[in-house]
Amino acid sequence: CWEAYMDCIIVVYGKSGTGKTTIINDVYNNLIQKGAAVKMPRKQVGANPKDFEAVLTYQNKSIAFMSMGDYVLAANQAVVSYRAENILIVAYNTRHATLKSDWLKNTSVIQIVKKSSPTPADNMQAEQQVVGLI
């Protein structure tokens, strides 16, 4: 067996400033509150102190987080780096023309959660959608 194959990539997709990182952070905190165990501690990535990567174990699933989706190379690298985890939750900016088709080499399921604004109502809806996909 040459490599692991993740169950699902959950893409939080939207323009800059719509709250993609906020949603990923909220989902992370939500799972911690529900008893998730830290497999790989939060680590800042990139220059923005809000951007992070981490891995939690929740309900027998290993869930990786990557919030630096405004940088296409970081998002693409996360798909490869975390392919051994069950789920990857990754931010991805709409300015990137399309989702990378080679992501399908690492999973058969890509779920997209669209972020359109940073409002509390939109954030709550997106967070609930992501948690529901886990």
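I take a helix axis to be a line fitted to C-alpha atoms over the stretch in contact, and angles to run from 0 to 180 degrees between N-to-C directions. I note at the outset that the model I examined is predicted.

**Entry 1: the pair α1 and α3**

With that definition in hand, I looked up how helix α1 packs with helix α3, which covers residues 120-133. I found an angle of about 55° between them, and their axes lie 9 Å apart. I therefore recorded α1 and α3 as oblique to each other. The crossing of α1 past α3 is right-handed.

I then asked which residues of α1 and α3 meet. On the α1 side I listed Thr22, Ile23, Asp26, Val27 and Asn30. Their partners in α3 are Asn123, Ala126, Glu127, Val130 and Val131.

**Entry 2: helix α1**

I checked the length of α1, which comprises the 14 residues 20-33.

Next I looked up which residues of α1 are buried. I noted Lys20, Ile23, Ile24, Val27, Tyr28, Asn30 and Leu31. These residues cover an arc of only 160° around the axis, which puts them on the same side of α1. I kept a general point beside this entry: an α-helix has 3.6 residues a turn, so residues three or four places apart point the same way.

Just after α1, I came upon glycine 35, whose phi is positive at about 100°.

**Entry 3: threonine 21**

I turned to threonine 21, which is part of helix α1. What does threonine 21 contact, leaving aside its neighbours within four places in sequence? I found Lys50, Asp51 and Ser67. For aspartate 51 I also looked up the separation from threonine 21: 30 residues in sequence, and 6.7 Å in space from C-alpha to C-alpha.

**Entry 4: helix α3**

I repeated the length check on α3, which has 14 residues. From its first C-alpha to its last, α3 reaches 20 Å, close to the 20 Å expected at 1.5 Å a residue.

The buried residues I recorded in α3 are Asp122, Asn123, Ala126, Glu127, Val130 and Val131. They cover an arc of only 160° around the axis, which puts them on the same side of α3. On the other side of α3, I found Ala121, Met124, Gln125, Gln128 and Gly132 exposed.

I asked what the buried residues of α3 pack against. The elements are β1 (8-14), α1, β5 (87-93) and β6 (110-115).

**Entry 5: the loop between β3 and β4**

I located glutamine 59 in the loop between β3 (52-58) and β4 (61-66). Its phi is near 50°, a positive value in a residue other than glycine. Is glutamine 59 buried or exposed? I found glutamine 59 exposed, with a relative accessible area of 57%.

Asparagine 60 is also in the loop between β3 and β4. I noted that phi of asparagine 60 is positive as well, near 65°, in a residue other than glycine. At 78% relative accessibility, asparagine 60 counts as exposed.

**Entry 6: aspartate 70**

Lastly, I looked up aspartate 70, in the loop between β4 and α2 (72-81). Aspartate 70 has 23% relative accessibility and counts as partly exposed. I compared its position with that of isoleucine 112, 42 residues away along the chain, and found their C-alpha atoms separated by 16 Å.

Methods: Residues numbered from 1 in each chain as written. Predicted model: local features only at pLDDT ≥ 70, side-chain atom pairs only at ≥ 80, totals over all residues. Heavy atoms only, no water. Helix = DSSP H or I, 4+ residues; strand = E, 2+ residues; numbered from the N terminus. Expected span 1.5 Å × (residues − 1). Buried < 20%, exposed > 50% of the residue type's maximum accessible area, 1.4 Å probe, protein only. Arc of directions from axis to C-beta. Parallel < 35°, antiparallel > 145°, perpendicular 65-115°, else oblique. Left-handed = near helix turned anticlockwise from the far one by under 90°. Contact = heavy atoms within 4.5 Å.
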